[in-house]
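Hi,

Here is the structure I promised to hand over. Have a look at it first, then read my notes below.

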Amino acid sequence: MSKCKILVFLVSIMISGLAFASTDDIAERIKRVGDVCVEGAECPSETVSPTVAAPMVVVADGASVESNFNKSCATCHNAGIAGAPRFADAAAWAPRVEKGMDTLYASTINGLPPAMPQKGMCFSCSDDELRALVDYMVDAAK
Ligand code: HEC
């Protein structure tokens, strides 16, 4: 046998080896997930549970107004800290509402020195979410 033939022989063994390996892999990958098991018959020990965990539903449009309020605004606005107009306190909100909603949106987004922090400390809130929070607070004070 010439060297060349030996080489061809070795290579073909390797290729057939690979082919066997991959056939096994494919069989492994396409095998059934579960087996039908009839009552009374001997069943495979490895049974697959028919209940599939439902995927968690992720709400894409951010947190609710209430949860943003409780997370960021309530700290100051529930207690009226540092002169913050209290939640649902119509008298405290009346002079604010008189300034117009656009002013209130702006003072929420930019902050109102010295005590009202920028974005009311809800840094994950978008401007739209902050406007919704102002609407929520103003509505509650009507
Ligand atoms: C660290 C305390 C604090 C937090 C947190 C806070 N506020 Fe305030 N807020 C204040 C204070 C104090 C004022 C009054 C500011 C003033 O009149 O000088 C105020 C005033 C406001 C006003 C009236 C602004 C105006 O122009 O009169 C709005 C609207 C408001 N806050 C919305 C919010 C919202 C929405 C959040 C949550 C995202 C929030 N605040 C979080 C302290 C806070």
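Cysteine 73 touches Gly120 and Leu133, leaving out residues up to four places away in sequence; touching, or being in contact, means that the C-beta atoms, placed from the backbone, lie within 7 Å. Before you go further: this is a predicted model, where local features need pLDDT of at least 70 and side-chain atom pairs count only at pLDDT 80 or more, while totals for chains, interfaces and linings use all residues. Residues are numbered from 1 along each chain as its sequence is written.

Back to Cys73, which belongs to the largest nonpolar core, together with Phe69, Cys76, Leu133, Val134 and Met137. Such a core is a set of buried Ala, Val, Leu, Ile, Met, Phe, Trp, Tyr and Cys residues joined through C-beta atoms within 7 Å. Helix 2 and helix 5 are the elements that give two or more residues to this core. In soluble globular proteins, nonpolar side chains tend to be buried together.

As for burial, a residue is buried if 20 or more other C-beta atoms (placed from the backbone) lie within 10 Å of its own, exposed if 12 or fewer, and partly exposed in between. Of the protein's 142 residues, 11% count as buried. Alanine 132 sits in helix 5, and it is partly exposed because it has 17 other C-beta atoms within 10 Å.

Now the ligand. Which residues come nearest to it? Cys73, Cys76, Ala115, Met116 and Gly120 do, out of 27 around it; a residue counts as near if its C-beta atom, placed from the backbone, lies within 6 Å. Helix 2 (65–77), helix 4 (101–110) and helix 5 (127–140) each give two or more residues to this shell, and helix 2 gives the most, with five.

Overall, the protein has five helices and zero strands. Helices (H or I, at least four residues) and strands (E, at least two) are DSSP runs, numbered from the N terminus.

Last, a loop to look at: glycine 111 lies between helix 4 and helix 5. Glycine 111 counts as partly exposed because it has 15 C-beta neighbours inside 10 Å. Not counting residues up to four places away in sequence, Gly111 touches Met116, Pro117 and Gln118. Methionine 121 is ten residues from glycine 111 in sequence and 9.1 Å away in space, C-alpha to C-alpha.

Cheers

Definitions and conventions:
Two residues are in contact if their C-beta atoms, placed from the backbone, lie within 7 Å.
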